[in-house]
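Hello,

Here is the structure for your files. My notes on it follow below.

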Amino acid sequence: MKKLITLLLLTIITLPMMAFNDEDYQKFAREVKAEVWKKDLPQFNNRTVPAKYNKESAVVLARYEEVGVDYSNRFSALSLGNVKQCTGTHLIRNLVKINDKAALDKFSTFEFRTYDYSLNNGLWRNDRRTVLGVRVIKPNGTIKEVEEKDYQDDNEGKKGEEKHAKLAVPNLQVGDMIDYFYYNYDKLREENIDPITFFFGSQYPILDYQIHCSIDKDLCTQYRTMNGAPDFKQGADKDAVVLDVREKNIDKTMPDYAYNPLAQTPYTMLFINADVVLEYIPKSMKTKGLQANPDAKVIQEDAWTLWDVTTSKWTFYKMFNKVIDEAKKISDPTERANYVYNFAMLKTLVHDNPYLSYRNFGSVFAFLLDKLKVPYSRLLVTNRMTEPIGQLANIWNVTDGFMLSNGQCYFPLNTQYVTTANTIPSIYQNRDAVATNAKKKFQNGPFRNVTIPGSQAKDNTEKVDVDATVDGILLNIKRQDATTGCDKEGNIMDYTSAEQMAQSWGADYGVTKFAQLFDKGLNVADQRASERAEQDKKSIAENFSDEIKAYHDHAAVKVNDTKVLSCGEKDKPFTYLVDYQMDGLVKKAGRNLVISVGQLVGQQAHIEGAERQRNVDIIYPYPRTYSVTVRLAIPSGYAVSPESLQKLNSNVENSAISFTSKASVEDGKLLITFEKVYKQYRVPASQWSDVLSALDKAYDFNSLQVVLKKL
């Protein structure tokens, strides 16, 4: 009897695994395409683009989104109980007129997940599918649907049950229109549909944007409109929450330069939830039906409650306990906290993984600060890539943080925003937050509003020193790059080996080699350190090659040497040196030489076309200073022409940005200084012309040359 029961259970588990394959997907895709293409959407029959958009790279004539979510709560023999199931569909369809090559390149290729039929929590099987449909509409009105044979498998080197495909759209040309859609189908057990965001703006103008949602009334539906997004109109349906909105002639586009869509573009966030077992469901999301623009304080209460329920006592491994004991000997409370935080940063750096998990950070670091007797306030904050805390819509967008009485802040460790304890990661600077000094039952407050400190241009610097010598038609370049503050973010791990990071960042902790930072036996640790060293050798060489290519906009002829001189520990600059040869920067003009010195200061931002007209604020990640000093050795028997020298001097100065370049000849070298200072992290749109004048001057500098005349 036991064998029979086991066989039945295996059959139940195995059948769903075999229930969907490539052939089934193709049938599903054909059915979806037939259904979507016949859908009654008159706006997709529009082929007329107003003349005022002729200079736009592309125009979205119609965009349509449709969301449907059904819910069931039924008995499952496999789990011996009821299983909650959410089935969601999301159609996104666009009709786009292609006006130039940039848009043609963008819409010529697509990559997407076809289906994923993987186990959920090792027990239930989720079913996720995506269908892409594409039609090309020629100027004469001919419509050609891209055939199945043009979709290519894209699973080479990939493992697992998630399948991918890619499409190169055949015969697409400038002047054509492309009508394409994505259809996402998700059948999830004890798991919720992912949040959905609707942006009422794009890189291109949108003539007609319509959204229709129909969501089971037994689910909790929350939405929040942001930055002036139009509100939904609620429809009548006894079984579902029906939401509709339609906007026409959305002229406001998203610039590429210094723009934050989540702070500047109208958008709506939609959350659809059931009380499922595989997710933490906050109190506010357990009420069935519609919650339109709920009070942000209610969502904040949920976030404080989540922090409270994850609070615990913690134990640490031997080395971390030693770090804590050493920290207790430090007299200054801030330095005690910094000592422990920087050790966690060291572990994050060398292992390329946050040492304290994002969700546990609030609990763990509070426990550490209490052990170290460091007074603190708890913070709830959101980063600049999410909504403000005062308009909080989702508890998972909240970051738990800490603020000391002197304004020093600590946030979860992140490999992308690596800084030392004394530098606040750029994504949190100048953000509003909610704070409390309460130690027990802190989730009940009292609360106060605070603003996370920002930084100044002098705090975030990149200083480049270039020494160049002429070698025939090549230029030998030795370039040193030193960054401070937020300018170190994302750099340290790209160019530094784990061994070097361990030795530099670990010096204060008695660490002399990378293997010591593994909580393993010495043999295992040494083996893993050796494996990492081989990985670093390859990846760092590739990263330096990419860095040189990005700096000059083309690859080096030869890379002679690369090295990291300072790893950025203890607030030191992160400094590296590259030694290489470049071609294309030296040309012979009769007896004279022409040197493209403008290419020695790095590539500068170029604003062109419609981007030069701007009516929205300029938002930078943070204020910063970028400076370059170039020393070009003048070959014997040559001199710099006075006309060339004069062109290298320029100056733009205003309250938003400054640009200065100077040139002189000293000790047989052409000396050039180049500096841009971004003084504010947010510049009003009214000062765009000031910003543009400096950017134009800096970009023009890239094309400058000097003539070395033969004596």
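Trp304, Trp307, Tyr341, Phe361, Phe365, Tyr376, Phe402, Tyr410, Phe442 and Phe447 are linked by ring pairs into a cluster. Rings of Phe, Tyr and Trp (its six-membered ring) pair if their centres lie within 6.5 Å; planes under 30 degrees apart count as stacked, over 60 as edge-to-face and the rest as tilted.

This is a predicted model, in which local features need pLDDT of at least 70 and side-chain atom pairs count only at pLDDT 80 or more, while totals for chains, interfaces and linings use all residues. Residues are numbered from 1 along each chain as its sequence is written, and side-chain values use heavy atoms, with hydrogens and water left out.

There are 45 aromatic pairs in the structure. In one of them, the ring centres of Phe107 and Tyr180 are 6.0 Å apart with planes at 50°, so the pair is tilted. Phe107 lies in helix α3 (residues 101-107) and Tyr180 in strand β10 (residues 177-189), so the pair ties together parts 73 residues apart in sequence. Helices (H or I, at least four residues) and strands (E, at least two) are DSSP runs, numbered from the N terminus. Phe107 is buried, at 6% relative accessible area, and Tyr180 is buried at 11%; buried means under 20%, exposed over 50%, and partly exposed in between (1.4 Å probe, protein chains only).

Ala58 is in strand β1 (residues 58-76) and is buried, with a relative accessible area of 0%. Leaving out residues up to four places away in sequence, Ala58 touches Val96, Lys97, Asn99, Ala103, Phe107, Tyr204 and Pro205 (contact means heavy atoms within 4.5 Å).

On cavities: on a 1 Å grid over the protein atoms alone, a cavity is a set of points where a 1.4 Å probe fits but cannot get out, and lining residues have an atom within 4 Å of a point. Grid points are joined across faces, edges and corners, and a volume is the space filled by probe spheres set on the points. The count is four cavities of 30 Å³ or more.

The largest cavity holds about 80 Å³ of space. Its lining is Ala303, Leu306, Trp307, Thr310, Arg359, Ile395, Val398 and Asp400, and helix α5 (residues 296-309) gives the largest share, three residues.

The second largest cavity holds about 50 Å³. Among the residues that line the second largest cavity are Tyr341, Met345, Pro412 and Tyr428.

Regards

Conventions. 1 Å grid on protein atoms, 1.4 Å probe; cavity = no way out; pocket = protein on both sides within 12 Å on 5 of 7 lines; lining within 4 Å.
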